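Here is a short report on a protein model. It runs from the overall fold to single side-chain pairs.

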Amino acid sequence: MKAKESSIKKAQSESKKAESEKEASENTSATNSQQVTQQQNSDSYQTQTSTPIKSQSQINMERGYDPKGNPVMPGQDHAPGSDVYGNPDSWVQGQIDWAKSQGMIDSNGNETENFKNWVSQRDNAWDNGQDDFPDYDQNRQW
């Protein structure tokens, strides 16, 4: 009789063990299924809400300006004196290079103090009736 009880308990134990393994397996599959569903929902949410990021030059072009913010000429794709990328065209670049070589502007494109002083003195001379004021000379302190 003891052997019979022992075999019944062993069978019940194996049955419970198999049942708990089945439940664990089902829980794992359910969890995996939920994770996949959540990932798919997350991916579709990101796809639906993401918009392309525009650069400042693209925004400028949409608003009628070249990539560097200069107003575009009507019917053109660039500002006067520049190319489509907002860089000075060759003639304008030549003028900038000449002004730099003459000491009128610095490397940043700003007027030098010496040139500003000359302009001021020239304007004062013209206002006072002096028509023969000398041309700008970078070697002379104004």
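The text below covers the fold, the aromatic groups and the charged pairs.

This is a predicted model: local features need pLDDT of at least 70, side-chain atom pairs count only at pLDDT 80 or more, and totals for chains, interfaces and linings use all residues. Residues are numbered from 1 along each chain as its sequence is written, and side-chain values use heavy atoms, with hydrogens and water left out.

**Overall fold**

The protein chain has four helices and zero strands. Its pattern along the sequence reads α-α-α-α. Helices (H or I, at least four residues) and strands (E, at least two) are DSSP runs, numbered from the N terminus. Of the 142 residues in the protein chain, 13% are buried. Buried means under 20% relative accessible area, exposed means over 50%, and partly exposed lies in between (1.4 Å probe, protein chains only). The accessible surface of the protein chain is about 11,400 Å², and carbon and sulfur atoms hold 48% of that surface. Such areas come from the Shrake-Rupley method with a 1.4 Å probe; for residues, only the protein chains shown count as cover. Take the contacts between residues at least 6 apart in sequence: 15% of them join residues at least 24 apart. Contact here means heavy atoms within 4.5 Å.

**Aromatic groups**

The structure holds six aromatic pairs. One of them is Trp118 with Tyr136, an edge-to-face pair with 5.7 Å centre to centre and 70 degrees between the planes. This pair links distant parts of the chain: Trp118 sits in helix α4, Tyr136 in the segment after α4, 18 residues apart. The rings of Phe133 and Trp142 also have their centres 5.7 Å apart, but their planes meet at 45 degrees, so this pair is tilted. Rings of Phe, Tyr and Trp (its six-membered ring) pair if their centres lie within 6.5 Å; planes under 30 degrees apart count as stacked, over 60 as edge-to-face and the rest as tilted.

Phe115, Trp118, Phe133, Tyr136 and Trp142 form one aromatic cluster.

| Residue | Relative accessibility | Class |
|---|---|---|
| Trp118 | 8% | buried |
| Trp142 | 10% | buried |
| Tyr136 | 13% | buried |
| Phe133 | 17% | buried |

Arg140 lies over the face of Trp142, at 4.2 Å from the ring centre. For this, NZ of Lys or CZ of Arg must be within 6 Å of the ring centre and within 35 degrees of the ring normal.

**Pro134**

Pro134 is in the segment after α4 (113–127). It is partly exposed, at 33% relative accessibility. Which residues does Pro134 contact, leaving aside its neighbours within four places in sequence? They are Trp118, Arg140 and Trp142. The C-alpha atoms of Pro134 and Trp118 are separated by 9.4 Å, with the two residues 16 apart along the chain.

**Charged pairs**

Side chains of opposite charge can pair when their charged atoms come close. The whole structure has two salt bridges. A salt bridge is a side-chain nitrogen of Lys or Arg within 4 Å of a carboxyl oxygen of Asp or Glu.

Lys116 and Glu113 form one, at 3.7 Å from N to O. They are separated by about one helical turn, because they are three residues apart in helix α4. Lys116 is partly exposed at 39%, while Glu113 is exposed at 54%. Arg122 forms a salt bridge with Asp123, with the closest N and O atoms 3.0 Å apart. Asp123 is partly exposed, at 30% relative accessibility.
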